[in-house]
Amino acid sequence: MAESAGSVMLARSAMNRAATEGQRPAGRPVRGARRISAALAGLAASTRHELLTFDDPVASAGCAIPGPFLELAGACMRAAAERADEVRRIVPRHALHTLESGLRLPGRARLADAIPFKLIVVDRTVAAVPLDLELLYNGLLLIRDPVVVQALVRAHHACWAAAEELTYVPSPAPPPLELAPQSRLVLDALLSGLTDEAAAARLGMSARTYSRRVGELMAALGTTSRLRPGAEAARRGWV
């Protein structure tokens with residue numbers, strides 16, 4: 001943990017030194033949703049070998065961030081992860097539930113008690129850090145200075161070594177839905193092509209009750225058309 005904290009301090013120090021007046025700037029600030037989206041798309045398109053991230057998938061919860069931006073940012077990260085040969089993602093422990101619910105990228109992920117800031121490093125040549133260290137939507141710093149990028153890579157590697165490996169365990173498949181005996185009788189009558197009156201008489205119920213049971217059956221099958229129950233029932237193995 002001490003090494004991890006030291007590497008983070010080194011990365012921040014490198015950014016500060018590179019940004020000092022008279023030296024090469026640490027990076028190019030990017031502001032505005034459209035330009036930030038273009039920068040993220042560019043990072044995704046340029047990814048070839050390695051993608052390193054500090055990521056907090058729940059950081060934007062409760063923030064006024066447009067849905068289209070979140071969708072595009074997520075799509076960019078998925079595209080980058082699919083392109084990369086190696087993906088290493090570090091997330092804070094409080095975000096574990098989002099990973100378990102399927103919001104995850106290809107590659108490996110590890111859990112840390114906290115992340116120092118959000119970070120994207122592509123192929124150890126370019127990095128992106130939020131200007132406020134929290135949300136990319138508020139602006140990002142696109143960094144190409146090799147000294148700063150290397151410091152960020154070292155910080156990520158140190159945190160990775162101290163983090164806990166996350167192994168995805170697939171959730172067990174839900175048991176198949178069973179058709180209640182009464183509903184099966186209604187399904188059989190519906191598939192036989194009988195009129196509602198004839199079907200109700202066969203089942204010994206009123207036409208109104210039969211109609212209600214048909215509605216319940218169609219709702220269970222997820223259809224509003226009487227022409228679909230047969231196909232849906234067959235797909236579920238009910239006939």
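Modeller: Start with the largest nonpolar core. It has 24 residues, and Leu40, Leu43, Leu51, Ile120, Leu140 and Leu142 touch the most other members. Two or more residues each come from α2 (33-46), α3, β5, β6 and β7. The largest share, six residues, is given by α3. This is a predicted model: local features need pLDDT of at least 70, side-chain atom pairs count only at pLDDT 80 or more, and totals for chains, interfaces and linings use all residues. Residues are numbered from 1 along each chain as its sequence is written, and side-chain values use heavy atoms, with hydrogens and water left out.

Colleague: What makes a set of residues a nonpolar core?

Modeller: The members must be buried Ala, Val, Leu, Ile, Met, Phe, Trp, Tyr or Cys, joined through side-chain atoms within 4.5 Å. Buried means under 20% relative accessible area; exposed is over 50%, and partly exposed lies in between (1.4 Å probe, protein chains only).

Colleague: Which residues does leucine 142 contact beyond its neighbours within four places in sequence?

Modeller: Contact means heavy atoms within 4.5 Å. With those neighbours left aside, leucine 142 is in contact with Gly27, Arg28, Val30, Leu43, Val126, Ala127 and Ala128.

Colleague: How many aromatic pairs does a search of the whole structure find?

Modeller: Two. Phenylalanine 54 and phenylalanine 117 form one of them, with 5.8 Å from centre to centre and 80 degrees between the planes.

Colleague: Is tyrosine 137 buried or partly exposed, and how do you know?

Modeller: Tyrosine 137 has 25% relative accessibility, so it counts as partly exposed. Phenylalanine 69 has 8%, so it counts as buried.

Colleague: What makes glutamate 50 and arginine 124 a salt bridge?

Modeller: A salt bridge needs a side-chain nitrogen of Lys or Arg within 4 Å of a carboxyl oxygen of Asp or Glu. For glutamate 50 and arginine 124, N to O is 2.8 Å, and that meets the rule. Glutamate 50 lies in strand β2 (50-54) and arginine 124 in the loop between β5 (119-122) and β6 (126-130), so parts 74 residues apart in sequence are tied together. Glutamate 50 is buried at 12%, while arginine 124 is partly exposed at 40%. The whole structure has nine salt bridges.

Colleague: Why does aspartate 55 count as buried?

Modeller: Its relative accessible area is 16%, so it falls under the 20% limit. Aspartate 55 is found in the loop between β2 and α3. It forms a salt bridge with arginine 89, with the closest N and O atoms 2.8 Å apart. Asp55, Arg89 and Lys118 are linked in a network of salt bridges.

Colleague: How do you know that arginine 108 and glutamate 165 form a salt bridge?

Modeller: Their closest N and O atoms are 3.1 Å apart, within the 4 Å limit. Arginine 108 lies in strand β4 (108-112) and glutamate 165 in strand β8 (164-165), so the pair ties together parts 57 residues apart in sequence. Arginine 108 is partly exposed at 32%, and glutamate 165 is partly exposed at 34%.

Colleague: What is the order of the strands in the open sheet?

Modeller: The eight strands run β1-β7-β6-β5-β2-β3-β4-β8, with mixed pairing. β1 (28-30) and β8 stand at the edges with a single partner strand each, so one side of each has no neighbour in the sheet.

Colleague: What makes β2 and β5 a pair?

Modeller: Two strands pair if DSSP finds at least two bridges between them. β2 and β5 have four bridges, in the antiparallel sense, so they pass. Leucine 51 stands opposite valine 122 in β5.

Terms used. Rings of Phe, Tyr and Trp (its six-membered ring) pair if their centres lie within 6.5 Å; planes under 30 degrees apart count as stacked, over 60 as edge-to-face and the rest as tilted.
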